[in-house]
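Biologist: I would like to learn how to read a few features of a model like this one, taking the general idea before the particular case. Could we look at it together?

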Amino acid sequence: MRACQPVRDGYVERDGIKIFYEVFGAGEPTVLLLPTWSIIHSRQWKMQIPYLARHCRVITFDGRGNGRSDRPTEAEAYTESEFAADAIAIMDATQTERAVIIGFSIGAQRSLLLAADHPERVEAAVFIGPSYQGGGQPAAQRTVYTWQDELDTDEG
């Protein structure tokens with residue numbers, strides 16, 4: 001048995017794809033926990049939900065391709081912007097005007113896209129261990145000082 005049972009669950013359909021969601025707790029603010037990677041469903045938040053649900057309303061959803069959500073076969077159905085758009089559809093389906101959005105790992109990128117495209121729907125954003133998609137060598141200005149150097153300035 002779960003430590004915290006949802007007060008509501010259901011599906012929202014967007015562009016022919018059904019996305020499963022759950023709502024826990026009540027009150028304000030609403031916290032929206034976004035999916036992390038495409039291979040991990042919403043139960044990855046199971047340790048955070050009971051505490052958060054005692055203090056606010058919590059929404060989770062299984063990202064497309066995982067859990068109880070549909071699994072589209074086209075690669076373009078899995079872009080980060082699709083996950084962000086799914087989050088907005090979940091907010092609409094749960095009558096959530098604004099939420100504190102929380103993204104872990106690649107979920108942080110999805111949260112950032114959601115906040116950039118719909119700032120009026122975001123109360124606050126929390127990024128936990130955000131995944132950085134960059135690469136290559138560090139910029140030269142970042143390698144001027146060693147970590148231990150005590151600096152006279154915080155410029156650069």
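Modeller: Let us begin with contacts, a term that applies when heavy atoms lie within 4.5 Å. Leaving aside residues up to four places away in sequence, S69 touches K18, I19, F20, D62, G63 and R64. This is a predicted model, in which local features need pLDDT of at least 70 and side-chain atom pairs count only at pLDDT 80 or more, while totals for chains, interfaces and linings use all residues. Residues are numbered from 1 along each chain as its sequence is written, and side-chain values use heavy atoms, with hydrogens and water left out.

Biologist: Where is S69 found, and does S69 count as buried or exposed?

Modeller: Helices (H or I, at least four residues) and strands (E, at least two) are DSSP runs numbered from the N terminus, and S69 is found in the loop between β4 (57–61) and α2 (80–93). Buried means under 20% relative accessible area, exposed over 50%, and partly exposed in between, with a 1.4 Å probe and protein chains only; S69, at 2% relative accessibility, therefore counts as buried. The side chain of S69 also reaches the backbone nitrogen of F20, at 2.9 Å.

Biologist: Which residues lie with a charge over a ring, and at what distance from the ring centre?

Modeller: The criterion is that NZ of Lys or CZ of Arg is within 6 Å of the ring centre and within 35 degrees of the ring normal. The charged end of K18, a residue that S69 touches, sits over the ring of Y11, 4.7 Å from its centre. R110 lies over the face of F83, at 3.5 Å from the ring centre.

Biologist: Which strands does β5 pair with, and over how many bridges?

Modeller: Two strands pair if DSSP finds at least two bridges between them. β5 pairs with β3 in the parallel sense over three bridges, with V31 standing opposite V100. Six bridges join β5 to β6 (residues 122–128), and these two strands also run parallel; here I102 stands opposite V126. Five of the six residues of β5 are buried, so this strand is largely enclosed by the rest of the structure.

Biologist: Finally, where does the backbone show a positive phi in a residue other than glycine, and which residues does a cis peptide bond join?

Modeller: Among the residues with positive phi, D15 has a value near 50°, lies in the loop between β1 and β2, and is exposed, with a relative accessible area of 65%. S105, by contrast, has phi near 60° in the loop between β5 and α3, and at 10% relative accessibility counts as buried. The cis peptide bond joins E28 and P29, with omega about 0°, and P29 is found in the loop between β2 and β3.

Terms used:
A polar contact is a pair of N or O atoms within 3.5 Å; within protein, one must be able to donate a hydrogen and the other to accept it, and residues adjacent in sequence count only if both atoms are side-chain atoms.
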